[in-house]
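This report describes the side-chain interactions and the packing of one protein model. Please consult the sequence and the structure shown below while reading.

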Amino acid sequence: MRKTTTIISSLTIHILLLSSIPLSSPQPNEKTSTTDIIDQICKKTPFYDLCTSILNSSPPTPKPDLKTIALVMVNNILSNATDTLSFIETLIKKTSDREMEQALAFCAESYIPVVKYTLPQAAEAISQNRFGFAGYCVSDAVKEVNSCNKKFLGFGVVSPLGNRNGVVQKLVDVASAIIKQLLKG
């Protein structure tokens, strides 16, 4: 009888010990994982602080991958470019200076294809794993922004879009660096 009690007690202890061991390994804190992934990716871009502030303000997914982060950045450029285009259209309506109006109209003509075609095509290309074409689209967007900046220089007018164009330029540089990471595999 005593032998049976010892076996049952020993068996009970083993069952209790086994039941206290988790069946799966503990999951790392998802917030930390996301932050670590974003940090690793943004360190490879020219504007680390800008990159991390955008991605940490609204993380794409609990565990984002490079492709998802590239999409978030391209969509952020699109949002900023759309806001800039609206700002340009507002300035055109308010200005009475003919040279300023011409420069702004040129900038609107530069931004319209970027907003309507170039950046949406870049996002679609990323979704389809066509990273080379996405990179081409993003670099084309920055060429349009640069031509807008140059137009004001040609008229000898201070650009009211300097800061906005500068932000778009930096966002494009970040997105380009992320797309280059995608191309490397």
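Is Lys43 buried or exposed? Lys43 is exposed, its relative accessible area being 58%; here exposed denotes over 50% relative accessible area, buried under 20% and partly exposed the range in between, with a 1.4 Å probe and protein chains only.

## Basis of the model

The model is predicted; local features need pLDDT of at least 70, side-chain atom pairs count only at pLDDT 80 or more, and totals for chains, interfaces and linings use all residues. Residues are numbered from 1 along each chain as its sequence is written, and side-chain values use heavy atoms, with hydrogens and water left out.

## Overall architecture

The protein chain contains seven helices and zero strands, where helices (H or I, at least four residues) and strands (E, at least two) are DSSP runs numbered from the N terminus. In sequence order the pattern reads α-α-α-α-α-α-α. Of the 185 residues in the protein chain, 33% are buried.

A contact is defined by heavy atoms within 4.5 Å. Among the contacts in the protein chain with a separation of 6 or more, 70% come from residues 24 or more positions apart.

## Nonpolar core

In soluble globular proteins, nonpolar side chains tend to be buried together. A nonpolar core is taken as a set of buried Ala, Val, Leu, Ile, Met, Phe, Trp, Tyr and Cys residues joined through side-chain atoms within 4.5 Å. The largest such core has 48 residues, of which Met73, Tyr111, Phe152, Leu161 and Ile178 touch the most other members. At least two residues of this core come from each of helix H2 (30–42), helix H3 (48–57), helix H4 (66–94), H5, H6 and H7. The greatest contribution is that of H5, with 13 residues.

Which residues does Tyr111 contact, leaving aside its neighbours within four places in sequence? They are Ala81, Thr84, Leu85, Ile88, Val145, Cys148, Asn165 and Val168.

## Disulfides

A disulfide is a covalent bond between the sulfur atoms of two cysteines. With the criterion of cysteine sulfur atoms within 2.5 Å, the count is two disulfides. Numbered in sequence order, the bonded cysteines of the protein chain pair as 1-2, 3-4.

Cys107 and Cys148 are both buried. Cys137 is likewise buried, at a relative accessible area of 2%.

## Charged and aromatic side chains

Side chains of opposite charge can pair when their charged atoms come close. A salt bridge requires a side-chain nitrogen of Lys or Arg within 4 Å of a carboxyl oxygen of Asp or Glu, and one is counted. It is formed by the side chains of Asp39 and Lys43, with an N to O distance of 3.4 Å.

A charge sits over a ring if NZ of Lys or CZ of Arg is within 6 Å of the ring centre and within 35 degrees of the ring normal. Lys151 is placed over the face of Phe106, 4.7 Å from the ring centre. Likewise, the charged end of Arg164 lies over the ring of Phe87, at 4.0 Å from its centre.

## Aromatic pair

Rings of Phe, Tyr and Trp (its six-membered ring) pair if their centres lie within 6.5 Å; planes under 30 degrees apart count as stacked, over 60 as edge-to-face and the rest as tilted. One aromatic pair is present. The ring centres of Phe133 and Tyr136 are 6.2 Å apart and the planes meet at 25°, so the pair is stacked. Phe133 and Tyr136 are about one helical turn apart because they are three residues apart in helix H6 (residues 131–155). Phe133 is partly exposed, at 31% relative accessible area.

Ser110 belongs to helix H5 (residues 98–127) and counts as buried, at 3% relative accessibility. Apart from neighbours within four places in sequence, Ser110 contacts Glu144 and Ser147.

Gln181 lies in helix H7 (residues 162–184) and is buried at 13% relative accessibility. Not counting residues up to four places away in sequence, Gln181 touches Ile41, Lys44, Thr45 and Leu66.
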